[in-house]
Amino acid sequence: MYRAGFAGIIFFREIEQEEMTQANTIKLIGIGQLRPGMYVQDVNCSWMDHPFATNHFMVKSVDRINEIKALGVHELYIDTARGYDVEGVPARSADDLRHEVDARMVEIARQIQTEPQRADLRLEVERARVLHTEANRIVRGLIQDVRLGKQVELEQIEPVVENIIDSVFRNQDALLPLARLKDHDNYTFQHSVSVSALLVSFGRGLKLERPIIKEIAIGGLLHDVGKAKVPDDILNKPAKLTEAEFAKMKSHVVQSILILQHTPGISRIALDVAAQHHERYDGTGYPNQLKGEQISLYGRMGAIVDVYDAITSDRCYHKGMAPTAALGRLLEWSKYHFDPELVRAYVKCVGIYPSGSLVRLKSGRLGVVLEQHVDKMMQPRVRVMFHAEHKRYLQPEDIDLAWPGCIDSISGHEEYEEWNIDAKRWLG
Ligand SMILES: [Fe+2]
């Protein structure tokens with residue numbers, strides 16, 4: 001059931017602003033069932049892992065099928081309303097698929113955890129804003145230096161990494177939503193900062209020791225440093241990459257390795273995060289096609305966080321998807337591409353409805369998740385500001401769904417785009 005997945009969400013909500021339909025036309029099929037004349041609704045892997053301009057297209061040739069196979073795709077989604085059908089495969093509607101994601105999350109949320117001490121959110125948000133700006137400035141400078149052929153100096157980034165760890169440890173609901181917001185022009189730097197902060201949260205959730213978390217966070221900050229050696233027109237190309245361009249894009253990992261191997265003081269852990277963040281659990285990743293436990297814990301963590309941050313971020317040619325939907329995709333892809341246990345652990349770290357998510361309450365109100373209770377994941381603190389049924393803004397009100405007297409509760413996740421709500425206004 002669950003495998004019948006989340007492709008509908010991407011198709012209907014993320015990439016194309018087409019009319020919602022209740023029609024059951026989306027099917028999950030094996031790659032061996034794909035034929036020319038079928039309409040791929042979702043390639044079923046992160047857009048960073050394929051060269052196509054969009055996730056959905058008509059398959060016109062066997063060559064295209066072979067290209068998809070070569071990416072390590074085992075199953076993918078077709079839309080039978082737009083192309084040939086496959087008999088005997090169940091079909092789903094977009095709304096069914098979204099409800100399945102939320103139901104899956106509820107199952108994970110049942111595993112109770114202990115609520116850690118946390119700093120006052122408002123106070124931490126102020127500190128996180130300053131830190132976020134500073135961290136981006138430092139990573140930007142670092143990548144510019146690498147472009148000029150200079151060496152990476154760890155002393156430059158260590159203080160900012162310590163600050164990221166402190167902030168996430170005090171209250172992760174301050175820095176993580178901020179780090180999700182990206183400008184098109186600064187994506188690479190901002191993505192690095194976000195991956196670093198998310199890795200700190202992940203490491204903390206896995207109860208790793210602080211010195212290890214520090215090395216993982218350094219790896220996160222530097223994992224894409226090799227992109228300094230990839231031309232911008234390839235990094236930001238809004239169309240299908242040619243074979244040569246895709247190879248060049250993928251070469252950023254080897255470039256990162258080369259740069260970091262020449263970085264005095266770099267640790268094995270940090271190097272693993274950078275070197276293995278595009279390896280995939282089933283051996284279909286790059287650059288070394290490592291499989292399963294051949295990929296270190298830090299590389300497996302890096303892969304999960306890298307994809308999560310990429311698919312939840314807006315690019316000039318991709319709309320970021322809702323965090324809950326992205327977690328659902330990660331769970332789905334963990335069948336082949338990620339360590340399934342680690343993905344479940346990651347969901348628990350960032351929460352079922354990560355802070356900054358838009359949720360719909362049973363009362364019909366929409367609200368942004370402000371702060372989560374680790375021990376009551378389905379009942380975060382929410383700022384309600386819109387009424388879905390009346391389609392109008394409300395006077396913003398903060399409500400704690402965990403408060404015993406609160407009678408409202410979450411009915412599911414929503415997309416800012418769909419309601420024309422400016423996420424930046426509520427997250428920034
Ligand atoms: Fe990368």
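Biologist: Happy to dig in! What kind of model is this?

Modeller: Residues are numbered from 1 along each chain as its sequence is written, and side-chain values use heavy atoms, with hydrogens and water left out. Local features need pLDDT of at least 70, side-chain atom pairs count only at pLDDT 80 or more, and totals for chains, interfaces and linings use all residues, as this is a predicted model.

Biologist: Which residues supply the protein donors of the iron ion?

Modeller: Donors are N, O and S atoms within 2.8 Å of the metal (3.2 Å for Na, K and Ca); water is not among the atoms, so sites may look incomplete. The protein donors lie 2.1 to 2.4 Å from the iron ion. In sequence they are spaced D-x27-H-x24-H-H. They are Asp224 (OD), His252 (NE2), His277 (NE2) and His278 (NE2).

Biologist: Why is the arrangement of the four donor atoms around the iron ion given the class it has, and what is that class?

Modeller: Four donors count as tetrahedral if all angles lie between 85 and 135 degrees; four count as square planar and six as octahedral if opposite donors are over 155 degrees apart and all others between 65 and 115; anything else is irregular. Here the four donor atoms subtend angles of 82 to 168°, which makes the arrangement irregular.

Biologist: Are histidine 252 and histidine 278 buried or exposed?

Modeller: Buried means under 20% relative accessible area, exposed over 50%, and partly exposed in between (1.4 Å probe, protein chains only). Both histidine 252 and histidine 278 are buried.

Biologist: Are the rings of phenylalanine 52 and phenylalanine 57 stacked, edge-to-face or tilted?

Modeller: Rings of Phe, Tyr and Trp (its six-membered ring) pair if their centres lie within 6.5 Å; planes under 30 degrees apart count as stacked, over 60 as edge-to-face and the rest as tilted. By this rule the count comes to five aromatic pairs. In the pair of phenylalanine 52 and phenylalanine 57, the centres are 4.9 Å apart and the planes stand at 55°, so the pair is tilted.

Biologist: What is the angle between the planes of phenylalanine 386 and tyrosine 393?

Modeller: Phenylalanine 386 counts as buried at 6% relative accessibility, while tyrosine 393 is partly exposed at 38%. Their aromatic pair is edge-to-face, 5.0 Å centre to centre, with the planes at 85°.

Biologist: Which charged residue sits over the ring of tyrosine 393?

Modeller: A charge sits over a ring if NZ of Lys or CZ of Arg is within 6 Å of the ring centre and within 35 degrees of the ring normal. For tyrosine 393, the charged end is 5.7 Å from the ring centre, and it belongs to arginine 425.

Biologist: Which residues does leucine 131 touch, not counting residues up to four places away in sequence?

Modeller: Leucine 131 is buried, with a relative accessible area of 7%. Contact means heavy atoms within 4.5 Å. Leucine 131 touches Val160, Asn163, Ile164, Ser167 and Leu175.

Biologist: Which residue in strand 10 stands opposite valine 359?

Modeller: Strands (E, at least two residues) and helices (H or I, at least four) are DSSP runs, numbered from the N terminus, and two strands pair if DSSP finds at least two bridges between them. Strand 6 and strand 10 (residues 410–414) pair in the antiparallel sense over four bridges. Opposite valine 359 stands histidine 413.
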